[in-house]
Amino acid sequence: MLAIHRFRVPVDRRQEFRPAVDVALEHFRSRPGVESVDLVRNLDDPQLWALVTRWRDVGSYRRAIGGAAATYALMPVMPYAIDEPSAYLPEDELGENVPRGGF
């Protein structure tokens, strides 16, 4: 399972964002089921960053983003987050894709 969390960080806020995202990176690296954690920047837009994680399974990812520890680790980066779906599976593993919330 792959999760891609994108962030728009104004250049003048980078010094605030970087320590906050480092906490998020360490949180994800410490969680059971994590396979990789990468922080990358867009080649063409210096304000666009992505935190890319790969997980053994969906449950591992969902547990990593839930609970008090996740809230404390992830809240400081949330003001920079781009509001979009972030979790991906290979098509053959996904089955019928029924969005949450009954859409």
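The model is predicted, so to speak of local features pLDDT must be at least 70, side-chain atom pairs count only at pLDDT 80 or more, and totals for chains, interfaces and linings use all residues. Residues are numbered from 1 along each chain as its sequence is written, and side-chain values use heavy atoms, with hydrogens and water left out.

**Aromatic rings**
- Five aromatic pairs turn up in a search of the whole structure; rings of Phe, Tyr and Trp (its six-membered ring) pair if their centres lie within 6.5 Å, with planes under 30 degrees apart counted as stacked, over 60 as edge-to-face and the rest as tilted.
- Phe-7 and Phe-17 have ring centres 5.5 Å apart and planes at 55°, so this pair is tilted.
- Phe-7 sits in strand β1 and Phe-17 in helix α1, so the pair ties together parts ten residues apart in sequence.
- The rings of Phe-17 and Tyr-80 have centres 5.2 Å apart and planes at 75°, so they are edge-to-face.
- Phe-7, Phe-17, Trp-49 and Tyr-80 make up one aromatic cluster.

**Helix α3**
- Ala-70, Ala-73 and Leu-74 of helix α3 (residues 67-74) are buried, meaning under 20% relative accessible area (1.4 Å probe, protein chains only; exposed is over 50%, partly exposed in between).
- These three cover an arc of only 85° around the axis, which puts them on the same side of α3; the arc is that of the directions from the helix axis to the C-beta atoms.
- On the other side of α3, Ala-68 and Tyr-72 are exposed.

**His-5**
- His-5 belongs to strand β1 (residues 2-8); helices (H or I, at least four residues) and strands (E, at least two) are DSSP runs, numbered from the N terminus.
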